[in-house]
Amino acid sequence: MKKLPKLGCACEKHDLTESEYRTSNVGVDSTDSRNAEVTVIQCRLCQRIWIKYDIEFPNAPESGRWYKGIIAKKEVAGMKPEHAVEHLENLEWYVCGGEVFGSKEVFGQGKLNLDL
C-alpha cells in the first residue's frame, strides 16, 4: 500500500471554510448506539478525499470528537456508515480533534477512542 503523505494542507485541520471543500453525507453509524455522523469530504485545494466520523454523546458535555482519514475514490461509493471506524483504524494515520482532544487537531493511528 502506498504511504499517505501529510501535506500540511488546510484539509488536515477541522475548521475549513465551505469554499475549501465539497461534502456528501454517508449516513449515521448507529453501532452500539453511537449515532455518529459519517461524511465524505473532498478538499478543493489538494483534491484528497476524506471520510469523517463525528461523534458526540448527548448526555456527556464536552464528549465531542471527530476523526477523518483519507479514503480512495473507488472506495467512496461502497462506504457504509458502520464501516467507517474499521476504515479509519486501518489507516497509517488520521486526523482527530474535538473537545476530548482539547479542541486541537492531532494526528493519530490505530484504535479510535469511542468511549465516554
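Modeller: A nonpolar core is a set of buried Ala, Val, Leu, Ile, Met, Phe, Trp, Tyr and Cys residues joined through side-chain atoms within 4.5 Å, where buried means under 20% relative accessible area, exposed means over 50% and partly exposed lies in between, with a 1.4 Å probe and protein chains only. This is a predicted model, in which local features need pLDDT of at least 70 and side-chain atom pairs count only at pLDDT 80 or more, while totals for chains, interfaces and linings use all residues. Residues are numbered from 1 along each chain as its sequence is written, and side-chain values use heavy atoms, leaving out hydrogens and water.

Biologist: Which residues touch the most other members of the largest nonpolar core?

Modeller: In soluble globular proteins, nonpolar side chains tend to be buried together. The largest nonpolar core here has 20 residues, and those that touch the most other members are Ile51, Tyr53, Tyr67, Leu88, Leu112 and Leu114.

Biologist: Which element gives the largest share of this core?

Modeller: Helices (H or I, at least four residues) and strands (E, at least two) are DSSP runs, numbered from the N terminus. Strand S2 (36–43), strand S3 (49–55), H2 and S5 each supply at least two residues of the core. The largest share, 4 residues, comes from S3.

Biologist: Which residues does Leu112 contact, leaving aside its neighbours within four places in sequence?

Modeller: Contact is taken as heavy atoms within 4.5 Å. With those sequence neighbours left aside, the residues in contact with Leu112 are Tyr67, Val85, Leu88, Glu89 and Tyr94.

Biologist: Is S4 largely enclosed or open, and how many of its residues are buried?

Modeller: Two strands pair if DSSP finds at least two bridges between them. S3 and S4 pair in the antiparallel sense over 6 bridges, and 3 bridges join S4 to S5, which also run antiparallel. S4 is largely enclosed by the rest of the structure, because the number of its residues that are buried is 6 of the 6.

Biologist: Which residue of S4 is the bridge partner of Trp50?

Modeller: Lys68 stands opposite Val95 in S5, and Lys68 also lies over the face of Trp50, at 5.1 Å from the ring centre; such a charge sits over a ring if NZ of Lys or CZ of Arg is within 6 Å of the ring centre and within 35 degrees of the ring normal. The bridge partner of Trp50 in S4, however, is Ile70.

Biologist: What angle lies between the planes of Tyr67 and Phe101?

Modeller: Rings of Phe, Tyr and Trp (its six-membered ring) pair if their centres lie within 6.5 Å, and planes under 30 degrees apart count as stacked, over 60 as edge-to-face and the rest as tilted. The structure holds 4 aromatic pairs. One of them is the edge-to-face pair of Tyr67 and Phe101, at 6.0 Å centre to centre, with an angle between the planes of 90 degrees.

Biologist: How many residues apart in sequence are the parts that this pair ties together?

Modeller: Tyr67 counts as buried at 1% relative accessibility, whereas Phe101 counts as partly exposed at 25%. Because Tyr67 lies in strand S4 (residues 65–70) and Phe101 in the loop between strand S5 (94–97) and strand S6 (106–108), the parts tied together are apart in sequence by 34 residues.

Biologist: Is Asp29 buried or exposed?

Modeller: Asp29 is found in strand S1 (residues 21–29). The side chain of Asp29 makes a polar contact with the side chain of Thr31 (2.5 Å); a polar contact is a pair of N or O atoms within 3.5 Å, where within protein one must be able to donate a hydrogen and the other to accept it, and residues adjacent in sequence count only if both atoms are side-chain atoms. With a relative accessible area of 1%, Asp29 is buried.

Biologist: How far apart in space are Ser33 and Phe57, C-alpha to C-alpha?

Modeller: Ser33 is found in the loop between S1 and S2 and counts as exposed at 59% relative accessibility. Phe57 has its place in the loop between S3 and S4 and counts as buried at 15%. Ser33 and Phe57 are 24 residues apart in sequence, and their C-alpha separation in space is 9.7 Å.
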